[in-house]
Amino acid sequence: LGLPPLTDNTLAGQATGEVADRVAREGARTVPARENGGNHDIKNFTRGARVFYPVHVKDAKLSGGDLHFSQGDGEITFCGAIEMGGFIDFHVDLIKGGMEKYGVSTNPIFMPGNVEPRYSEFLSFIGISVDHDTNTNYYLDATVAYRRACLNAIEYLKRWGYTGEQAYLLLGSAPIEGRISGVVDIPNACCSLYLPTAIFDFDVRPNKEGPVKEKRGQCAVSS
């Protein structure tokens, strides 16, 4: 499945009339990451960052948005993280023939900024490309593997008193690190989720006594 142009709720900048109508009919939505940019939600893409976009069409335009105060790698809650209002101060340079010079013609190149969440100790949760509920292997499927790592982290946090919803939102908004740990050994892809221990006000590490389950409130849930 792909996300085609959608005429509903189209944002066409300052375009009006037939130009705006054409944007709605033909414009590729940037909800998913695409060759020209789109939703590249990189948690370390912060102040001072640079990005090199390939230019595919003459007179191409540039726009940006979807600012997050904080998020985890993968933005696993889709519309999660901590969305925020804000502004972006752009400075634009053009590297003529850059796609040919550097050999990357399909996707952007990012240089994250120096303002980023830095942690030194993590709990790492592993997932492989197996649906353990149905005992089904999904050959080298990194999406399934990362989902499994997230589910393992959620179940772990529930043992300390968090609800499943709380743990899910925490992983979407805290600066977790998601890594592809193995896509070379068939049949299982392996992904890992790195959870910083310093974001908790208690010792969340495993110990011989076991987890101490406490009431930790509840987030808003739909009825």
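In which loop is Ser 63 found? Ser 63 is found in the loop that runs between strands β3 and β4, helices (H or I, at least four residues) and strands (E, at least two) being DSSP runs numbered from the N terminus. The structure is a predicted model, in which local features need pLDDT of at least 70 and side-chain atom pairs count only at pLDDT 80 or more, whereas totals for chains, interfaces and linings use all residues. Residues are numbered from 1 along each chain as its sequence is written, and side-chain values use heavy atoms, with hydrogens and water left out.

The protein contains four helices and eleven strands. Its C-alpha trace spans about 65 × 40 × 40 Å along the principal axes. Of the 223 residues, 28% are buried; buried denotes under 20% relative accessible area, exposed over 50%, and partly exposed the range in between (1.4 Å probe, protein chains only). Among contacts (heavy atoms within 4.5 Å) with a separation of 6 or more, 65% are accounted for by residues 24 or more positions apart.

Helices α3 (residues 142-158) and α4 (residues 164-173) pack with their axes 9 Å apart, at an angle of about 130°. Here the axes are lines fitted to C-alpha atoms, for helices over the stretch in contact, and angles run from 0 to 180 degrees between N-to-C directions. Helix α3 is therefore oblique to α4, given that angles under 35 degrees count as roughly parallel, over 145 as roughly antiparallel, 65 to 115 as roughly perpendicular and the rest as oblique. The crossing of the two helices is right-handed, a term for the case in which the near helix is turned clockwise from the far one by less than a right angle, the anticlockwise case being left-handed. Helix α3 contributes Cys 150, Ala 153, Ile 154, Leu 157 and Lys 158 to the contact, and α4 contributes Gly 164, Ala 167, Tyr 168, Leu 170 and Leu 171. By class, eight of these residues are nonpolar, one is polar and one is charged (Ala, Val, Leu, Ile, Met, Phe, Trp, Tyr, Cys and Pro count as nonpolar, Asp, Glu, Lys and Arg as charged, and the others, Gly among them, as polar).

Within α4, the buried residues are Gln 166, Ala 167, Leu 170, Leu 171, Gly 172 and Ser 173. Their cover includes α3 together with strands β4, β5 (82-83) and β11. Ala 174 lies in the loop between α4 and β10 and counts as buried because its relative accessibility is 8%. Beyond its neighbours within four places in sequence, Ala 174 is in contact with Ser 70, Gln 71, Gly 72 and Ile 199. The C-alpha atoms of Ala 174 and Ile 82 are 8.9 Å apart in space, although these residues are 92 apart in sequence.

Several loop positions are exposed. Ser 63 is exposed because its relative accessible area is 68%, and its C-alpha atom is separated by 43 Å from that of Thr 134, 71 residues apart along the chain. Asp 59 is also placed in the loop between β3 (50-52) and β4 (68-70); its relative accessibility is 57%, and therefore Asp 59 counts as exposed. Asn 114 is located in the loop between β6 (109-111) and β7 (122-128), and at 70% relative accessibility Asn 114 counts as exposed. Asn 114 and Arg 179, 65 residues apart in sequence, are 20 Å apart from C-alpha to C-alpha.

Backbone geometry was examined next. Most residues other than glycine have a negative phi, and most peptide bonds are trans. Asp 59, which is not a glycine, has a positive phi near 60°. Asn 135 likewise has a positive phi, of about 55°; Asn 135 lies in the loop between β8 (130-131) and β9 (136-137) and counts as exposed at 68% relative accessibility. The peptide bond joining Ile 186 and Pro 187 is cis, with omega about 5°, and Pro 187 lies in the loop between β10 (177-182) and β11 (190-196).

With a disulfide taken as a pair of cysteine sulfur atoms within 2.5 Å, the count is zero. Cys 191 is in no disulfide, the nearest cysteine sulfur being that of Cys 190, 6.8 Å away. Cys 191 counts as buried at 3% relative accessibility, and Cys 219 counts as buried at 18%.
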